[in-house]
Amino acid sequence: MLLSSGGTTALLCFGSAMLHECGHLLLLWAFGTGVREVSFGAGGIVIVRDGCAFCGTWKESLIALGGIFANCLLCFAAALWYDKENTQTAQVLLVVNGALALLNLLPVQSLDFYRVLDLCLCRFDVPGRETVLRRVSLCAVVFFALCCAALTVCGVRNPSLWAVCGYLVYLHWKRS
């Protein structure tokens, strides 16, 4: 986004990503899980907890979904703002947060919903869990790439979308 868009859009993207990560931190705090270290990078956030604080499958799933919840709240607020004032900033905020929420709902390694899927498979002691996770992640990446290709064929030229596709391929490949 920094390379292909103006300063305001890039700032809204950065701010939305930071608030996404704050959603995870807020739920960690709400469940009494201590955080020893937080580091930010181009690929998101790394949260190091105090000790081995596992909260249980359902709480861990909610923590993993915390960023998506934050993006959905921001999306809702931006929609109300856009409905009232019809500003471009509200529209960009709406699209950015909707896209971040949907992206993190993909079961691709390193994204939020992948963690939820992993927790559920562990909880129900699914045999071959790692293989199932790798295959689901691969299917999600291939599906996303096919959607990008279909949009391109239909005339939608969005370099950011292809950059995200490349990032998802990289995430899957890095962990496989």
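This is a predicted model: local features need pLDDT of at least 70, side-chain atom pairs count only at pLDDT 80 or more; totals for chains, interfaces and linings use all residues.
**Exercise 1. Which residues does phenylalanine 144 touch, not counting residues up to four places away in sequence?**

Solution. Begin with the core: Phe144 is one of its eleven residues. Then list the contacts. With residues up to four places away in sequence left out, phenylalanine 144 touches Leu106, Leu161, Val164, Cys165 and Leu168. Finally, look beyond this core. A second, separate core has seven residues, among them Leu12, Val92, Val96 and Leu100.

**Exercise 2. How many aromatic pairs are there, and are the planes stacked, edge-to-face or tilted?**

Solution. Set the cut-off: ring centres must lie within 6.5 Å. The count is one aromatic pair. The rings are those of tyrosine 170 and tryptophan 173, with centres 6.3 Å apart. Their planes meet at 45°, so the pair is tilted. Now place the two residues. Both lie in helix 6 (residues 159–175), three residues apart, which means about one helical turn separates tyrosine 170 from tryptophan 173.

**Exercise 3. Is tryptophan 173 buried or exposed?**

Solution. Exposed means over 50% relative accessible area. Tryptophan 173 has 61%, so it is exposed. Check its partner. Tyrosine 170 has 42% relative accessibility and therefore counts as partly exposed.

Terms used. Residues are numbered from 1 along each chain as its sequence is written. Side-chain values use heavy atoms; hydrogens and water are left out. Rings of Phe, Tyr and Trp (its six-membered ring) pair if their centres lie within 6.5 Å; planes under 30 degrees apart count as stacked, over 60 as edge-to-face and the rest as tilted. Helices (H or I, at least four residues) and strands (E, at least two) are DSSP runs, numbered from the N terminus. Buried means under 20% relative accessible area, exposed over 50%, partly exposed in between (1.4 Å probe, protein chains only). A nonpolar core is a set of buried Ala, Val, Leu, Ile, Met, Phe, Trp, Tyr and Cys residues joined through side-chain atoms within 4.5 Å. Contact means heavy atoms within 4.5 Å.
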